[in-house]
Amino acid sequence: MPLLNERFIQNIVILTGAGISAESGVATFRDADGLWEKHNPMEIATPEAFARDPELVYRFYNARRRQLPAVQPNAAHRELARLQREFHGDVFLVTQNVDDLHERGGSDQVCHMHGELNSMLCGGCGERMPAEADYNGDSPCPGCNARGELRPDVVWFGEMPYHMDEIEARLADCDLFIAVGTSGVVYPAAGFVQQALLQGALTVEINKEVSEVTGLFHLQRQGVATAEVTTLVKELLAG
């Protein structure tokens, strides 16, 4: 597409959302049939839910973690990893997803702004640790040995995402911002396109459907991530 070819692009920021992992079979919070044990997942992923019924929250995240080995990275994950390896400039990948499919797809750098399923956080001492088993309210923290303080190391609704200073610095220096499979509903990620536009960056959206922020992008490629990301990466590497 001419706009890509007309720009000298040195620094790329890529934001990925649930749409990129959905093709691998990872269920999204906003699935039409997205109830889990008769609960809305969006009502489980909150600090209030954890305080009210921690065992329910533990079961939910244990189940999601156990699902991970059954799903595999798809072509979109692999192509973004290839872009990071082969592009002449810098490619910074930030994801809203808490799965590990980008890493398993070959990406060495992944900024998990909403945390990771494969990590636990102690609310008492603040230590992070790999999530190597199922957890419940009796699980002790390896750091301080407190029980009942471990929680999934994920950002819940109402909490501040991780790594925002680094993300904003990257957006301030990018020439191209790409959003893949995002709804444009959840902030602050939904506002990244506006930050990139303020810096004069070219903006590209890849989505199966029109998002809440589609009108803010210079280019909108509608389709599945596996196909559209592959095409875009090919163009960027050729250019």
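## The second largest cavity

In this predicted model, helix α10 gives the largest share of the lining of the second largest cavity, with 4 residues. The elements that supply two or more residues to this lining are α6 (75-86), β7 and α10. The space inside the second largest cavity is about 40 Å³.

The residues that line the second largest cavity are Ile 14, Leu 80, Leu 83, Ile 178, Val 180, Ile 206, Val 229, Leu 232, Val 233 and Leu 236. By class, this lining has 10 nonpolar residues, no polar ones and no charged ones.

## Helix α10 and Thr 231

Helix α10 covers residues 225-238, and Thr 231 is part of this helix. Thr 231 counts as partly exposed because its relative accessible area is 37%, which falls between the limits of 20% for buried and 50% for exposed.

Thr 231 and Glu 79 are 152 residues apart along the chain, and 9.3 Å separates their C-alpha atoms.

## The largest cavity

The model has 3 cavities of 30 Å³ or more. The largest cavity has a volume of about 80 Å³. It is lined by 15 residues, and those closest to its centre are Leu 15, Thr 182, Gly 184, Ala 189 and Ala 190.

Strand β7 (176-180) and helix α9 (192-198) each contribute at least two residues to the lining of the largest cavity. This lining consists of 11 nonpolar and 4 polar residues, with no charged residues. Strand β7 also gives two or more residues to the lining of the second largest cavity.

Strands of a sheet pair through backbone hydrogen bonds, in either a parallel or an antiparallel arrangement. Here, 3 strands form an open sheet in the order β5-β4-β6, and their pairing is antiparallel. The edge strands are β5 (128-130) and β6 (150-154), each of which pairs on one side only. From one strand to the next, the twist averages 45 degrees.

Strand β4 spans residues 115-122 and is joined to β6 by 4 bridges in the antiparallel sense. Cys 122 stands opposite Leu 150 of β6.

## The helix across the sheet

Helix α5, made up of residues 54-67, lies across β4 and β6. The helix runs at about 140 degrees to β4.

Methods:
Residues numbered from 1 in each chain as written. Predicted model: local features only at pLDDT ≥ 70, side-chain atom pairs only at ≥ 80, totals over all residues. Heavy atoms only, no water. Pairing = 2+ DSSP bridges. Axes fitted to C-alpha atoms, helices over the stretch in contact; angles between N-to-C directions. Contact = heavy atoms within 4.5 Å. Buried < 20%, exposed > 50% of the residue type's maximum accessible area, 1.4 Å probe, protein only. 1 Å grid on protein atoms, 1.4 Å probe; cavity = no way out; pocket = protein on both sides within 12 Å on 5 of 7 lines; lining within 4 Å. Points joined across faces, edges and corners; volume = space filled by probe spheres on them. Nonpolar A, V, L, I, M, F, W, Y, C, P; charged D, E, K, R; others polar.
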